[in-house]
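Thanks for coming. I'll keep this short, so please have the viewer open and follow along.

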Amino acid sequence: MSEAETLFAALRQSAGDDVVDMLERMVRDAPDHALNKMNAPDLAAKEGLAEERVVAALLNAVALGIFEMTWNVMCPSCAGVLSANKSLKTLDKKQYHCAFCSAGYETTLDNLVEVTFTVSPRVRRIAAHSPDGLSVAEYYRQVFWSSAIDLPDDLEKMLEEVTLETVELPPGERAILSLHLPAGTLIVFDPVTHTVQFLEVSGGETNERQNLSVIFNKVHVPVEPAALRPGPLRLILENRTDSRALPAVWMANQALDNLLSRRKPILTAKRLLTHQTFRDLYRTDTLAIGQRLKILSLTFLFSDLKGSTELYERVGDLVAFDLVDEHFRLLQEIIVSERGAVVKTIGDAVMATFETPDRAIAAAIRMREAMSDLGAQRQHQSLRLKIGIHEGSCLAVTLNAQQDYFGQTVNIASRVQSIAASRSIVVTKSVVENAQTQALLESSGLKPALRRVALSGIEDEVSVYEIS
């Protein structure tokens with residue numbers, strides 16, 4: 001049995017046969033580019049498999065060494081990769097800048113960081129493992145652009161529609177291009193160094209040769225657009241790095257806009273942090289000590305088992321422990337099925353996160369029903385959950401040697417849970433106003449009742465809604 005066969009056999013211990021069969025088939029038969037920067041949501045959709053199961057299988061495959069995981073900081077505008085990282089620990093900038101788009105972006109995990117998977121060279125070597133050997137079109141496909149852009153199979157042909165000239169420039173070399181400039185905006189761009197020079201070409205056409213020099217190095221200095229006239233240009237390109245450059249002169253035309261607008265869903269860093277398999281595998285090795293990464297919107301659910309102390313006194317430690325343990329098992333099962341993750345348990349309480357408020361609401365409704373069913377089965381009708389839900393911004397941090405969250409959103413979610421009565425779900429305004437939440441509540445026949453309450457540690461009263 002080959003090493004790859006041994007590894008896939010091990011993967012079957014933690015992932016379904018259908019997903020493992022698909023991944024094994026891809027490693028054996030797929031073209032090289034399909035095994036680089038694999039987009040889990042897109043792959044799941046194309047194969048007709050549940051996204052959660054595909055993500056879980058890929059994560060377990062990374063743990064086994066079949067695939068490697070990369071956290072790519074990507075430009076939301078052009079979908080170019082601004083920084084490729086083997087872990088979140090190296091995301092150490094407060095802001096990332098895209099030279100191609102002349103725009104800066106605050107570092108957040110919501111839509112700026114994607115997570116992709118590439119086959120390990122120990123399983124199969126692919127062209128992307130040696131990027132210096134890639135053609136220009138494949139370098140853009142496999143290195144420069146993120147998995148968010150839906151690139152066509154005939155990318156080389158499409159690039160011809162936006163490219164005036166391109167050249168491969170070895171380390172330390174320079175090239176001289178003779179161009180005839182059309183009117184409009186042109187972009188001299190190198191996807192290796194991310195060096196850019198904009199050319200604003202306007203006015204009457206000239207017969208005199210114009211001159212421009214562009215240097216490619218690893219020091220990015222803002223450069224003003226060059227004002228030129230339509231006509232001949234002598235363009236000098238100089239590579240001052242220790243690797244090849246792939247400069248091209250692009251035309252900012254409709255074909256370029258069409259290319260950059262082709263998008264597909266991605267696996268965001270925020271989404272992965274709310275995946276239970278990821279938390280189970282990387283609980284203590286996600287962020288560096290002291291590192292803080294911002295999330296613009298995350299939904300927190302806190303639950304607490306009401307009257308657990310009295311339960312221990314009434315039925316005894318062994319019976320009570322069994323009930324509480326079963327309660328944790330049911331809650332985690334529901335949370336995971338609604339695409340959430342358990343962050344931690346505190347006594348009889350659970351703290352969980354969800355990517356969107358509607359998922360948290362769906363989980364809360366099912367959790368409440370599950371506790372009623374468990375109480376009926378075990379003849380302990382006193383089993384009741386108090387649940388609070390809030391959505392907002394927060395910081396992803398490391399606390400007590402595990403990945404956790406910090407901020408006022410977390411505090412409010414905890415305080416909201418504390419005011420919930422037995423069997424009630426108390427949520428905040430931001431949760432109720434979510435469009436998907438409203439649709440879910442309406443379809444469930446549930447009408448939230450508005451209350452104004454004071455929360456411990458919060459200066460002003462807040463609006464909360466009780467779902468009975």
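Where is the place of Arg174? Arg174 sits in strand 7. Before going further, a caution: this is a predicted model.

Let's stay with Arg174. Leaving out residues up to four places away in sequence, Arg174 touches Leu169, Ile236, Leu237 and Glu238. Now look at Arg240. Between Arg174 and Arg240 there are 66 residues in sequence, yet C-alpha to C-alpha they are 8.7 Å apart in space.

Next, the sheet around that strand. Three strands make up an open sheet, and their order is 7-12-10. The pairing is mixed. Which are the edge strands? They are strand 7, residues 174-181, and strand 10, residues 210-216. Each of them pairs on one side only. From one strand to the next, the twist averages 20°.

As a reminder, strands of a sheet pair through backbone hydrogen bonds, either parallel or antiparallel. Here, strand 10 and strand 12 run parallel. Strand 12 covers residues 231-239, and seven bridges join it to strand 10.

On to helix 4. This one covers residues 51-64.

Is helix 4 enclosed or open? Of its 14 residues, 10 are buried, so the helix is largely enclosed by the rest of the structure. Among the buried ones are Glu52, Asn60, Leu58 and Leu59. Val54, Val55 and Val62 are buried too. Just after helix 4 comes Gly65, with a positive phi of about 95°.

Now the aromatics. How many aromatic pairs does a search of the whole structure find? The search finds 11. I'll show two.

Pair one is Phe144 with Phe189. Their ring centres are 5.3 Å apart and their planes meet at 65°; over 60 counts as edge-to-face, so that is what this pair is. Phe144 belongs to helix 5, residues 136-144, and Phe189 to strand 8, residues 184-190. The two are 45 residues apart, so to speak a link between distant parts of the chain. Phe144 is buried, with a relative accessible area of 4%. Phe189 is buried as well, at 1% relative accessibility.

Pair two is Phe300 with Tyr405. The ring centres are 5.4 Å apart and the planes are at 80°, so this pair is edge-to-face. Phe300 lies in strand 14, residues 293-306, and Tyr405 in strand 18, residues 402-406. The pair therefore ties together parts that are 105 residues apart in sequence. Both residues, Phe300 and Tyr405, are buried.

There is also a cluster. Ring pairs link Phe100, Tyr140, Phe144, Trp145, Phe189 and Trp250.

Last, zoom out to the whole protein. The secondary structure comes to 15 helices and 21 strands. Along the principal axes, the C-alpha atoms fill a box of roughly 95 × 65 × 40 Å. The protein has 468 residues, and 53% of them are buried. Among contacts with a separation of 6 or more, residues 24 or more positions apart account for 71%.

That's my tour. Over to you.

How values were computed:
Residues are numbered from 1 along each chain as its sequence is written. This is a predicted model: local features need pLDDT of at least 70, side-chain atom pairs count only at pLDDT 80 or more; totals for chains, interfaces and linings use all residues. Side-chain values use heavy atoms; hydrogens and water are left out. Two strands pair if DSSP finds at least two bridges between them. Helices (H or I, at least four residues) and strands (E, at least two) are DSSP runs, numbered from the N terminus. Axes are lines fitted to C-alpha atoms, for helices over the stretch in contact, and angles run from 0 to 180 degrees between N-to-C directions. Contact means heavy atoms within 4.5 Å. The expected span of a helix is 1.5 Å times one less than its number of residues. Buried means under 20% relative accessible area, exposed over 50%, partly exposed in between (1.4 Å probe, protein chains only). Rings of Phe, Tyr and Trp (its six-membered ring) pair if their centres lie within 6.5 Å; planes under 30 degrees apart count as stacked, over 60 as edge-to-face and the rest as tilted.
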